[in-house]
Amino acid sequence: MGGKLAAWTGIFFLLFMLFFPLDFLGNFQREISVFLFGGLTEWISGTVFGIRNARIDFSSDSISMVIFIGILLIISAFITVIVPNTYHKKVISFSKEAAVFYLVVILMEYGFNKLFKAQFYLPEPNILFSRFGNLDRDILFWSTMGTSRSYSWFSGGTELLAAVLILFSRTRIPGLLMSVGIFINILAINIGFDISVKLFSLLLLLMAVFALKDVWLPLFRFLIVKEKTKLTEDHAEHTALQPILVFLKTAFLGSALVLILFPYFNSGIFNDDKAERPPIHGAFKNKDENSDLQYIFFHRDHYMILMDKKERMRDFHYVQGAENLLFLEDSYGKKIRMNVSYQKKDSLIVLHWGSDTIQAKALNWKKMNALQPLFHTIIEKVE
């Protein structure tokens with residue numbers, strides 16, 4: 001990789017790591033980025049792309065992130081030009097080191113999320129009662145992954161293993177190569193299932209490739225040309241600053257680990273499948289067979305969802321009022337006051353709003369086939 005191109009790439013990654021908001025680290029990055037780039041991003045979104053009222057939060061695959069990356073590429077190119085060539089090697093070395101620790105934090109975040117079942121969560125009843133062909137591909141993928149805790153363990157454990165390997169200099173190269181494979185798989189999934197983290201996962205893959213920039217040629221010589229070679233990394237001299245750098249790296253990783261794990265230890269929930277749901281949660285079948293309304297679902301995020309016989313859905317966000325009272329609001333802002341009576345002993349729920357009354361029977365959605373922990377060692381045992 002040429003000197004100026006590598007320096008430009010390194011500076012871009014430094015700016016991206018500094019300003020791209022990572023929600024689990026808090027809101028400070030988003031607030032700074034919106035303050036510095038929000039106005040310009042909004043202007044470009046409306047003037048150049050014709051998109052008014054765009055969400056200026058720089059979330060992945062949003063127009064604001066596309067513009068944000070363009071801005072950072074221009075700024076990094078300008079910095080590359082004004083920084084003397086004699087400093088490019090140090091800039092590249094520092095950027096590589098920063099990228100390495102950034103990737104460690106990302107791998108830890110997603111690894112622990114999978115390990116504790118917080119990323120691929122148990123599918124909600126409204127998803128389970130929807131026909132396969134009516135669901136979008138991203139929901140299908142997410143829901144399928146959510147039915148298997150063992151896969152979450154495996155994928156999360158793989159990401160954590162890569163993070164641990166990258167942390168230590170002796171195993172950094174195998175760890176980064178492992179992370180390249182992980183990010184290629186994630187990018188393929190995001191593209192194949194239209195999951196809205198495509199741009200972010202692409203940048204993580206490029207960051208891992210950049211962190212291995214001194215290794216690709218020796219690997220080619222060893223694997224393709226069959227030459228004897230030794231994999232080494234090009235480290236810049238930081239003798240005087242080494243203790244400070246070690247302290248900063250340790251503080252950064254320690255702080256990130258605390259922020260990642262604190263929600264789990266604070267809640268005491270290390271398996272999201274067993275996390276407490278709202279008092280009314282699940283799937284209910286309308287007892288009136290002549291009604292067009294077929295199912296009523298209560299989602300864990302405080303949504304009531306109505307499904308008719310053609311599987312058309314209408315959702316309402318609700319707030320619990322006094323006992324047996326819900327305040328609903330639909331997507332148009334219309335508010336509804338609803339009285340609810342739920343008897344767990346007979347699995348019957350009665351909904352009253354205005355002059356309408358619905359009686360529905362609770363369904364044991366957790367007994368559905370998709371949620372059973374089946375495992376067959378030989379095909380003859382498959383029923």
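Trainee: What share of the 383 residues of the protein chain counts as buried?
Mentor: Buried means under 20% relative accessible area, exposed over 50%, and partly exposed in between, with a 1.4 Å probe and protein chains only. By that rule, 43% of the 383 residues of the protein chain count as buried. Please note that this is a predicted model, in which local features need pLDDT of at least 70 and side-chain atom pairs count only at pLDDT 80 or more, while totals for chains, interfaces and linings use all residues. Residues are numbered from 1 along each chain as its sequence is written, and side-chain values use heavy atoms, with hydrogens and water left out.

Trainee: How many helices and strands are there in the protein chain?
Mentor: Helices (H or I, at least four residues) and strands (E, at least two) are DSSP runs, numbered from the N terminus. The protein chain has 11 helices and eight strands. Its C-alpha atoms fill a box of roughly 80 × 60 × 35 Å along the principal axes.

Trainee: Which residues touch the most other members of the largest nonpolar core?
Mentor: In soluble globular proteins, nonpolar side chains tend to be buried together. A nonpolar core is here a set of buried Ala, Val, Leu, Ile, Met, Phe, Trp, Tyr and Cys residues joined through side-chain atoms within 4.5 Å. The largest one has 64 residues, of which F16, Y102 and F200 touch the most other members. Elements giving two or more residues to this core include α1 (3-19), α3 (63-82), α4 (88-115) and α9 (198-211). The largest share, 13 residues, comes from α4. A second, separate core has 18 residues, including I280, F284, F298 and M304.

Trainee: With which residues is F200 in contact, leaving aside its neighbours within four places in sequence?
Mentor: Contact means heavy atoms within 4.5 Å. With those neighbours left aside, F200 is in contact with F16, F20, L22, S60, M65, Y102, I106 and Y110.

Trainee: Is F68 buried or exposed?
Mentor: F68 is buried, because its relative accessible area is 0%. This residue lies in helix α3. Not counting residues up to four places away in sequence, F68 touches F16, F19, F20, F37 and F58. The C-alpha atoms of F68 and F16 are separated by 9.1 Å, although the two are 52 residues apart along the chain.

Trainee: What span should the 28 residues of α4 have?
Mentor: The expected span of a helix is 1.5 Å times one less than its number of residues. The 28 residues of α4 should therefore span 40 Å, and this agrees with its end C-alpha atoms, which are 40 Å apart. The helix α4 is mostly covered, with 22 of its 28 residues buried.

Trainee: Which residue takes a positive phi just after α4?
Mentor: Most residues other than glycine have a negative phi. Just after α4, K117 takes a positive phi of about 65°. D194, which is not a glycine, has a positive phi of about 55° and sits in the loop between α8 and α9. D194 counts as partly exposed because its relative accessibility is 44%.

Trainee: What is the volume of the largest pocket?
Mentor: Rolling a probe the size of a water molecule over the atoms shows where empty space is left. On a 1 Å grid over the protein atoms alone, a pocket is an open set of points where a 1.4 Å probe fits, with protein on both sides within 12 Å along at least five of seven lines; lining residues have an atom within 4 Å of a point. Grid points are joined across faces, edges and corners, and a volume is the space filled by probe spheres set on the points. The largest pocket has a volume of about 1200 Å³. Of its 47 lining residues, E109, Y110, N113, Q119 and W142 are the closest to its centre.

Trainee: How do the residues of its lining divide?
Mentor: Ala, Val, Leu, Ile, Met, Phe, Trp, Tyr, Cys and Pro count as nonpolar, Asp, Glu, Lys and Arg as charged, and the others, Gly among them, as polar. The lining of the largest pocket has 28 nonpolar, 12 polar and seven charged residues. Its largest share, seven residues, comes from α8.
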